[in-house]
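Here is a short note for a colleague opening this entry. Please keep the view at hand while going through the points.

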Amino acid sequence: MTPHILVAPYNEKLMGQLRQWKMVILASGESQVGSANNHLRQDNRLHAVVLRTGKALSAIEYEEPWENIPLFIYADEFGSFRDLSSKVDFLRKMGARFFLSGEKAENYQWVQMLASMGFNCGVHLGKKAHWEAASDLLHYSFYSPAKHGQVEPFNYISGNFSVDSSINYAAVYFDDPSRYLHINENLEIAASSQELNDGIFLAKGIEELKTISSNKAYETRLNAWRGLFLRNSECSGCESWRVCLGKHEGLSDKNGSKMECQAFYLQILEAIMQKPLPVEGKPEWRF
Amino acid sequence: MANILLTQKCVRSCPYCFAKDNMESAEANAVMSWQNMLYLADMLEASKENHVSLLGGEPTIHPHFIDYVLYLLHRSFHVTVFTSGVISPRLLAEMEKHLSKVHSERLSFVCNLNHPDISPADELNKTKKFLTAFAPFITPGFNIYRPDFDLTFIFDYIQQYGLRRHVRLGLTHPIQPAAENAYLHLADMRKMASRLMEFSDSFLKLQTTPGFDCGFPVCIFTDEQIGVLYKAGKGRLSFRCGPAIDIGPDMTVWPCFPLHEFEKKSVFDFSTVGEIGKYYSDLMAKTRAGGRSGIFEECNDCEHLQGLCSAGCLAYVLMNKAALSGAQSV
């Protein structure tokens with residue numbers, strides 16, 4: 001058995017087939033959150049539930065039983081503060097983590113607002129990041145003198161970065177194949193949610209899953225960052241590649257944002273070389 | 001404590017307005033952004049402040065007014081809103097929906113009331129609806145800008161609507177440097193004090209405390225009057241002038257409205273609210289030093305100077321200094 005945690009859609013048959021593994025369940029609706037918890041919690045197999053409904057964060061209907069579920073709520077937009085405000089006391093009891101898309105500039109400010117209220121939260125830094133807003137958020141995360149919740153991916157990077165190695169902060173999005181593998185109902189296995197959607201599979205079936213660590217495709221994928229140097233990518237000359245691992249490669253050539261991403265990641269490096277400020281949060285849960 | 005200005009626009013045009021100059025010199029559509037509000041909330045928290053006041057202009061016309069109040073409450077601040085109470089029916093309904101269930105110890109409104117005789121009917125109507133809706137949250141406020149003022153309507157409102165039994169009394173000061181607003185002239189100070197004492201029975205009878213805003217000098221009252229005020233105010237009387245710390249939507253900071261042109265700085269020049277307060281306290285003390293330090297000539301030799309009394313509002317002192325230097329140059 002591999003030490004991986006499997007990321008899978010909510011599917012009772014699939015959960016039954018993967019009894020040997022800890023799981024992150026991708027819930028597509030509010031009702032699946034409690035069900036996933038009921039299925040996996042008693043065997044101590046539930047690592048997390050990720051809820052992505054397509055609704056604004058403030059519009060999600062929260063239910064009482066969610067209080068003790070390791071829940072990650074992903075939303076493309078924040079919604080209305082007034083709507084969220086009435087739920088704040090309940091949300092504080094839940095201990096959920098809130099992630100907003102990095103594709104909308106205003107989301108970075110909402111993440112800061114959530115953190116300032118003590119929530120652990122994060123921004124999903126994808127292909128279309130807003131670097132200036134992201135930079136403001138990283139400064140808040142690292143340097144704000146006020147108490148605040150953890151802000152991902154900055155909290156993860158500062159807690160796990162080592163000067164003599166690189167880091168894949170996509171772990172906070174369950175997209176680090178050294179720890180998480182994505183699997184679908186056909187038991188097709190991929191290194192990330194995007195690769196699973198794109199049909200880029202590493203293996204298929206339970207048996208291949210069990211031996212994934214010795215799988216050639218998997219090993220190649222784990223070391224994909226080496227390609228930056230082999231093909232002499234622009235990113236290979238960047239001081240901050242150990243933090244970004246070339247996540248924005250190619251994008252920089254199209255829209256000229258390379259300097260922005262480089263400056264952003266250098267600011268992260270600079271911040272983590274200094275002693276980070278302690279932040280509030282439950283330390284027992286780890287990505 | 002700091003005052004955060006959410007807007008630079010007001011729905012009224014009071015003759016004594018102490019924010020008028022500042023509003024006129026500011027960008028009309030300037031409003032406090034979420035980004036700045038988040039920064040200020042963090043700064044206040046890091047400064048160990050647990051109280052914040054929201055001002056304007058009229059703060060309730062800010063599109064995120066309710067959101068900001070809710071946010072600051074979630075951040076565990078006690079919030080005081082200084083308002084005219086002239087609020088549109090739609091906003092008032094929203095405020096009732098979202099704010100009326102807040103504990104009244106955590107949220108206060110200081111409603112700056114003008115005498116009904118000088119208030120247009122529509123304004124008065126709206127204000128009364130606000131008083132009805134938020135009575136337990138509301139402390140009535142009244143600005144004195146002439147010696148023949150009348151507080152009777154305030155006592156009526158307290159009884160009629162069940163407002164908090166405290167009246168915030170503001171003394172209107174000349175806004176520096178132009179002093180174009182209506183304000184109480186020095187020659188009328190003692191007359192004003194005598195007039196105030198005519199309402200002392202009402203304060204005592206209705207168990208309503210008078211609260212002096214900044215700049216009241218102690219010597220305009222006789223010892224006997226101070227004794228009565230001491231009783232009515234349940235032992236709390238203030239004759240101080242110090243920085244209130246007003247922060248504008250553009251993050252400029254100044255000590256108070258009468259001194260809005262007095263060494264404006266940026267909030268980002270300071271790390272804590274305490275630093276801002278110290279900066280302006282020192283500056284104000286320095287400004288008073290040399291020449292006449294108070295509003296009256298006898299202030300310099302007064303036994304209460306910098307003890308019980310700050311010698312009145314610094315705006316009068318500056319006005320006097322400006323007049324003197326003008327006379328010298330002539």
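**Notes on two interfaces**

1. Start with the contact between the chains. Across the interface of chain A and chain B, 9 residue pairs are in polar contact, with both partners at pLDDT 80 or more. Keep in mind that this is a predicted model.

2. Which helices of chain A face chain B? At least two residues each come from α3 (81-85), α4 (88-94) and α5 (105-116) of chain A, on the side that touches chain B. The largest share is that of α5(A), with 5 residues. By class, this side of chain A holds 8 nonpolar, 5 polar and 3 charged residues.

3. Charge pairing also occurs here. The count between chain A and chain B is 2 salt bridges. One of the pairs to look at is A:Arg82 with B:Glu94, whose side chains meet in a salt bridge at 2.8 Å, N to O. A salt bridge is counted within 4 Å, so this pair qualifies.

4. Now the extent of the chain contact. It takes 16 residues from chain A and 15 residues from chain B. The two chains bury about 1,500 Å² between them, and 54% of that lies on carbon and sulfur atoms. In chain A, the residues that lose the most area to chain B are A:Phe81, A:Arg82 and A:Gln109, together 41% of what that side buries.

5. Turn to the inside of chain A. The domain assignment gives domain 1 (5-170) and domain 2 (226-271). Their centres, taken over C-alpha atoms, are 25 Å apart. In chain A, 22 residues of domain 1 are in contact with 19 residues of domain 2.

6. How much area do domain 1 and domain 2 of chain A bury between them? The value is about 1,700 Å², with 66% of it on carbon and sulfur atoms. On the domain 1 side, A:Lys127, A:Trp131 and A:Tyr169 lose the most area to domain 2, together 39% of what that side buries.

7. Polar links join the domains too. Between domain 1 and domain 2 of chain A there are 7 residue pairs in polar contact, both at pLDDT 80 or more. The salt bridge count between these domains is 0.

8. Last, the makeup of the domain 1 side that touches domain 2 in chain A. Both α6 (131-143) and α7 (154-160) supply at least two residues to this side. α6(A) gives the most, with 7 residues. The residues of this side divide into 13 nonpolar, 7 polar and 2 charged.

How values were computed. Residues numbered from 1 in each chain as written. Chains lettered and ligands numbered in written order. Predicted model: local features only at pLDDT ≥ 70, side-chain atom pairs only at ≥ 80, totals over all residues. Heavy atoms only, no water. Domains from an automatic or database assignment. Contact = heavy atoms within 4.5 Å. Buried area = accessible area lost by both parts, 1.4 Å probe. Polar contact = N/O pair within 3.5 Å; in protein donor to acceptor, adjacent residues only side chain to side chain. Helix = DSSP H or I, 4+ residues; strand = E, 2+ residues; numbered from the N terminus. Nonpolar A, V, L, I, M, F, W, Y, C, P; charged D, E, K, R; others polar.
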